[in-house]
Amino acid sequence: MSEKSGLIQELEALQAKAELELKNIQDSAALQSWRAEYLSRSAEVMSFFKRLPEAPIEDRPRIGQFANQVKTILETQFEKKESAIKQADLDANLQNERLDVTLPGRETTRGRLHIQTLVLREIYRIFAEMGFQVYRSPEVETDENNFELLNIPAYHPARDLWDTFYTTKPGVIMRTHTSPGQVRAMREFAPEPIRVTLPGMCYRYEQIDASHEIQFNQVELLAVGKNITFGDMKGTLEEFAKRMYGESVRTRIRPSYFPFVEPGGEMDVECFVCGGKGCSVCGGKGWLEILGCGMVHPVVLRNGGYDPEVYSGFAAGLGPERISMLRYRIDDIRNFWGNDVRFLEQF
Amino acid sequence: MELVYSWLKEYVDVDLPIVDLAHALTMLGMEVENVRLLGYPKPDGGNTGISFHGLEWDPEKFVVARVDEVMAHPNADRLVLCRLFDGKDELSVLTGAPNLYPYKGKGPLAQPLKVAYAREAAKLYDGHKSGQELTTLKRLKIRGVESFSMICSEKELGISEEHEGVIILDSTAPEGTPLVEYMGDAVFEIAILPNMVHCANVIGVAREVAAYLKKPLKFPDTTLLSKGPSITDKISIKIINADLNPRFVVGLLQGVKAQPSPYWVQYRLQLAGMRPINSIVDATNYVMLEAGEPLHAFDYDVLLKRAGGETPKIITRTARKGEKLTTLDDVERELDDFTELVCDSAGALSIAGVMGGLESEVTDQTTNVLLEGASWNFINIRKTVASQRLNSEASYRFSRNVHPALAETGVRIGLQRMAAWSGGTIAEGLVDEYPTPRVDPIIVISESDVERILGIQLKAKEIAVLLERLDFVCTIENDLVNAQSPAYRTDIGKDVIGKADVIEEVARLFGFENIPPTRLQAELPPQRGNRSEERDRLIQDTLANLGLQEVISYRLTSPESELRLYPAGSEPEVPQYVEIQNPIAVEKRVLRRSLIASVVEALERNIRHQERLLLFEIGPVFLPNKDELLPDEPARLAIALSGLRHPNTWDQKGIQLLDFFDLKGILEALLDALHIKEYVFTADTHPSFHPGKCALLSIGEDQIGWMGELHPKVKENYSFLEAPVLAAEIDLDMLFTLSPKDFVTTPLAAYPPVIEDLAMIVPEGTTSAEIEKVILSTGGILLKQVNLFDIFRGEQIGAGNKSMAYRLTYQAPNRTLTDNDVGKLRIRIINQLEKELGVIVRKAD
Ligand SMILES: [Zn+2]
């Protein structure tokens with residue numbers, strides 16, 4: 001191997017110089033002028049290829065090869081540097097775009113269902129899973145359907161349980177409960193077995209205040225068939241209470257009176273606010289009344305087209321507004337139909 | 001009803017703590033809501049189901065004491081000093097009680113007084129403050145005399161509001177005994193169910209408790225201790241209508257003297273919620289509360305006088321037309337012809353079972369009392385109560401059907417109590433008119449009946465044992481029990497109803513708590529679902545997803561409120577409403593016919609609190625139907641919007657307001673959710689809406705609803721702000737009927753579409769719907785979509801014109817369309833537009 005040619009030595013010096021300069025470059029403008037100086041067509045490395053004839057013929061391939069090598073090395077280093085500078089620029093830019101993430105999000109429009117729509121649906125769902133289907137009936141009813149056929153004759157003491165809105169048409173009233181739906185469902189489906197949920201608005205003549213409303217939802221449950229027992233009613237309603245108020249809720253049914261059921265009862269759940277210790281929600285009693293229930297009265301079965309010696313059934317009625325009031329600690333029943341969006345949008 | 005604990009214990013040995021007794025009463029069907037304690041400490045621990053209230057009388061601090069002498073106060077006329085023995089010490093106690101003045105300065109009392117005495121540091125209610133404010137007795141000087149204890153009034157002990165004088169106990173009260181031991185008590189506030197009038201008295205409750213505890217009932221002795229001559233020739237009774245008055249019993253007590261009842265009687269009456277009057281009246285009230293029979297005491301001498309010295313004759317009959325009677329509340333009442341009266345030969349004496357007349361009422365001067373116990377038709381009593389708006393303790397009971405047997409029992413117990421407290425001699429015997437004695441029903445019930453209804457297996461013997469504890473008279477035949485209802489109950493029916501009544505009694509005494517819960521095993525009915533419920537759900541969800549808030553309004557409204565939707569001066573004739581006969585307020589006297597009115601009002605209510613409001617409601621309206629008894633209740637949807645289109649944010653202030661096309665967009669989205677395609681909005685007029693901003697929505701031939709911007713003059717009827725108010729009302733029933741139950745998807749296109757824009761100059765009067773219709777019908781099956789994307793008005797277009805630009809999408813299912821295909825269609829469309837609508841299509845540059 002011959003001595004290093006002068007050209008090679010020059011190339012080596014050039015490479016060293018270029019590398020040193022590149023190392024100090026910080027921005028893309030300087031990088032571009034470095035590129036123009038060392039790697040453009042008119043750049044120094046390129047001039048070596050033109051100067052190849054200066055070298056002895058046998059050295060030319062080696063020098064040419066070396067010059068190529070230098071060029072490739074510089075190009076690679078350029079690319080590295082270029083990407084490093086781009087990254088640094090990007091990082092700097094991103095830093096400048098930093099947001100105050102605590103600023104409020106841009107408001108979108110969220111529509112909402114009325115809270116009582118939600119509660120009604122929840123009740124429907126629980127009962128639907130047990131085979132009870134929604135059956136609707138009119139809000140303006142005959143006295144016959146609302147009272148007479150439900151074993152509540154005129155002047156019966158039980159009529160005291162309902163303060164009724166009468167219409168100016170004789171025998172036509174605002175239904176005081178969803179129970180007329182019991183008669184309607186039975187008359188429609190007899191002699192088939194029945195499992196229905198009877199929901200809807202009911203009306204009572206009251207002076208409106210924080211705890212009394214003239215218009216309220218009720219949901220009733222009616223099961224009619226063969227061999228339906230008080231035990232079945234208890235089991236069904238206990239399941240409902242667990243779904244509605246939590247798996248561990250304790251319940252009790254105590255005797256009560258509704259003319260269209262017998263035996264009749266009312267179901268209490270242990271107060272889920274205080275766990276039964278007594279609080280303002282349960283009035284210190286530890287129990288909350290949640291529904292009325294009972295075995296369908298033979299007179300009602302008969303009026304519905306079922307022989308009470310063969311068929312039996314149970315009915316239960318509950319107040320969805322009361323459920324919401326207890327659950328969300330709503331202290332004024334007037335909020336439900338007051339339509340104040342400040343109330344409605346809390347759900 | 002207020003049930004007094006000590007009173008109850010007279011008839012049954014209750015060995016239960018108060019809390020457990022309350023629970024037992026509740027589980028027997030007499031729900032105890034709260035318990036008032038007199039002297040007893042509050043039980044601790046929660047989950048009792050009851051709230052307790054009352055004042056505890058510390059046994060160390062409150063005792064029965066004896067007052068031996070009442071002396072004047074050296075420095076004050078209105079105060080006295082009592083020489084008092086509290087069981088341990090003799091003390092001098094200062095008091096200002098006026099009811100001690102009569103004893104002042106009389107020296108040592110021959111009959112010492114017994115009082116309730118509170119020692120120093122006792123905690124009691126302040127007698128001088130209104131309500132119940134606790135205070136502690138402290139040592140202090142009053143007008144130079146030291147005072148550290150007191151003789152208590154009822155108010156101070158929490159018995160009543162009475163603070164005029166101190167309590168003077170019966171002379172048998174043992175001095176030194178802690179007061180709580182002597183007269184500590186509890187009052188259970190129990191709810192009496194409408195069918196349980198036989199429990200609306202102490203003995204009635206005691207029977208139930210006795211049955212629950214399996215203990216005997218200690219019924220009061222009803223033997224008359226008659227010492228006087230026979231009653232027989234003193235009075236006669238004639239019942240005109242035994243349906244209305246099944247039984248009438250009287251007894252006579254001669255030589256009575258009305259006076260204050262013994263303190264224990266007054267105390268019990270007070271605790272039970274009745275005011276003591278005098279020993280005669282108190283006896284009637286006491287027996288009513290005790291045994292459940294309302295009694296009526298007549299002044300026998302008034303009857304004699306009215307009979308002109310003849311033997312008085314009681315006649316029960318209905319009132320004559322126009323007949324009047326002044327009742328003892330001093331109100332002259334005009335009587336209905338169905339109202340049953342107790343009369344004598346001179347006319348009406350009392351409204352039967354409701355209220356006595358003023359004239360024959362007993363007074364302090366009365367010496368001879370005729371005591372009435374009767375049985376009345378409860379339905380007739382209810383009619384009278386409703387018509388006279390006259391409620392009384394008697395009518396409360398009689399209107400719930402009191403058993404005729406109680407008439408006699410009541411008079412017997414009543415005569416004894418009255419004689420014991422007022423003196424006098426009971427005449428021999430009773431006059432008892434009972435034309436058709438009641439036969440109490442016998443119910444036949446089988447083991448399988450009980451199992452079928454209750455789900456528990458009981459042997460006939462076990463059923464009979466339960467019923468016998470409730471005084472049913474039972475016989476057993478194999479698996480059958482024949483049970484006769486006891487002669488004090490009227491709530492047990494006959495046959496299949498009686499069976500249910502008896503099964504309820506079995507359940508109650510067996511204990512609801514002891515019936516095991518089971519899962520429904522009965523046959524599952526056909527599962528039908530509910531279309532209207534599914535419809536509501538879909539519509540509610542769609543609108544909520546579109547950003548609307550659901551509201552629910554009162555269905556009761558007023559015609560005026562609905563007329564606000566019309567410009568003042570051009571209201572239509574008021575339509576027929578379902579009207580409420582007994583409204584609670586004029587603004588809630590009819591059922592709504594318009595749902596839009598409700599929602600617009602809801603919008604108005606909120607407009608000052610919200611920058612944008614989008615509300616909807618679904619529900620029925622009520623339309624009287626000439627051919628039907630009941631009105632139609634078609635379901636409607638109403639929407640109302642107003643305010644900013646987009647919410648304001650910290651970097652963007654909304655300026656665009658919700659307008660016609662926002663509402664239309666919502667309706668279109670709803671129609672899309674229902675997969676209804678063939679709908680049209682056509683310009684329409686409706687008095688509620690802006691004449692240029694109102695549209696009718698139809699599907700085929702059917703008009704589904706209206707939408708638009710409220711007419712400016714309608715808006716004036718409400719307190720709205722500047723922003724326009726948009727509203728729509730849709731017939732939901734019809735809308736949902738027209739929604740297809742099923743729909744199919746179209747396959748995704750495999751070949752690319754060709755998209756072209758078409759701009760044209762159009763006369764102002766030409767509608768977008770007209771243009772689209774021409775384009776679509778000319779474009780044929782290859783034209784998939786037409787979308788308006790720009791409207792422009794300006795000088796270069798010319799007055800009375802607008803420029804409308806549509807984007808047309810062509811697509812074939814089986815090939816890529818060529819320029820040639822599209823070009824031919826374009827020319828055809830342009831020609832048709834120009835020919836049919838006179839528009840000028842702007843040629844592409
Ligand atoms: Zn609680």
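**Exercise 1. The second largest pocket**

Task: In this predicted model, find the volume of the second largest pocket, and work out which domains of chain B it lies between.

Solution: 
- Start with the volume. The second largest pocket holds about 1900 Å³ of space.
- Next, the lining. It consists of 41 residues, and B:Lys664, B:Glu668, B:Phe681, B:Ala769 and B:Glu772 are the closest to the pocket centre.
- Two or more residues come from each of helix 17 (660-673), strand 35 (679-683), strand 36 (689-699), helix 20 (768-779), strand 40 (783-792) and strand 41 (801-810) of chain B. Helix 17 of chain B supplies the largest share, seven residues.
- Sort the lining by class. There are 18 nonpolar, eight polar and 15 charged residues.
- Now place the pocket. Domain 5 (531-737) and domain 6 (754-842) of chain B both contribute lining residues, so the pocket lies between them.

**Exercise 2. Domains of chain B**

Task: List the domains assigned to chain B, then state how far apart the C-alpha centres of domain 4 and domain 5 of chain B lie.

Solution: 
- Read the assignment. Domain 1 covers 2-56 + 186-213, domain 2 covers 62-183, and domain 3 covers 232-433. Then come domain 4 (442-512), domain 5 (531-737) and domain 6 (754-842).
- Take the two centres. Those of domain 4 and domain 5 of chain B are 58 Å apart.

**Exercise 3. The cavities**

Task: How many cavities of 30 Å³ or more are there, and which residues lie nearest the centre of the largest cavity?

Solution: 
- Count first. Three cavities reach 30 Å³ or more.
- Take the largest cavity. Its volume is about 170 Å³. Of its 18 lining residues, A:Pro298, A:Pro308, B:Arg452, B:Ile453 and B:Ala500 lie nearest the centre.
- Assign the lining to elements. Chain A gives at least two residues from each of strand 7 (261-270), strand 8 (287-296), helix 9 (298-304) and strand 9 (312-318). Helix 13 of chain B gives the most, four residues.
- Classify the lining of the largest cavity: eleven nonpolar, two polar and five charged residues.
- Turn to the second largest cavity. It holds about 70 Å³. Its lining has 14 residues, with B:Leu193, B:Asn195, B:Met196, B:Glu504 and B:Arg508 nearest the centre. Strand 6 (251-256) of chain A and helix 13 of chain B each give two or more. Helix 13 of chain B gives the most here, three residues.
- Classify this lining too: four nonpolar, five polar and five charged residues.

**Exercise 4. The nonpolar cores**

Task: Which residues have the most contacts inside the largest nonpolar core, and which helix gives the most to this core?

Solution: 
- The core has 233 residues, and B:Leu25, B:Trp57, B:Ile159 and B:Phe188 have the most contacts inside it.
- Helix 4 (residues 202-213) of chain B gives the most, with eight residues.
- Another core of 36 residues lies apart from it, including B:Phe248, B:Cys343, B:Ala352 and B:Ala374.
- Inspect B:Trp57. Leaving out residues up to four places away in sequence, its contacts include B:Leu38, B:Phe62, B:Ile159, B:Met183 and B:Tyr267.

**Exercise 5. A loop threonine**

Task: Is A:Thr178 buried or exposed?

Solution: 
- Locate A:Thr178. The loop between strand 3 (172-174) and helix 7 (180-189) of chain A holds this residue.
- Apply the cut-off. Buried means under 20% relative accessible area. A:Thr178 has 1% relative accessibility, so A:Thr178 counts as buried.
- Check the neighbours. Beyond four places in sequence, A:Thr178 touches A:Leu198, A:Pro199, A:Gly200, A:Cys202, A:Gln218, A:Val219 and A:Glu220.

Terms used. Residues numbered from 1 in each chain as written. Chains lettered and ligands numbered in written order. Predicted model: local features only at pLDDT ≥ 70, side-chain atom pairs only at ≥ 80, totals over all residues. Heavy atoms only, no water. Core = buried A, V, L, I, M, F, W, Y, C linked by side-chain atoms within 4.5 Å. Buried < 20%, exposed > 50% of the residue type's maximum accessible area, 1.4 Å probe, protein only. Contact = heavy atoms within 4.5 Å. 1 Å grid on protein atoms, 1.4 Å probe; cavity = no way out; pocket = protein on both sides within 12 Å on 5 of 7 lines; lining within 4 Å. Points joined across faces, edges and corners; volume = space filled by probe spheres on them. Nonpolar A, V, L, I, M, F, W, Y, C, P; charged D, E, K, R; others polar. Domains from an automatic or database assignment.
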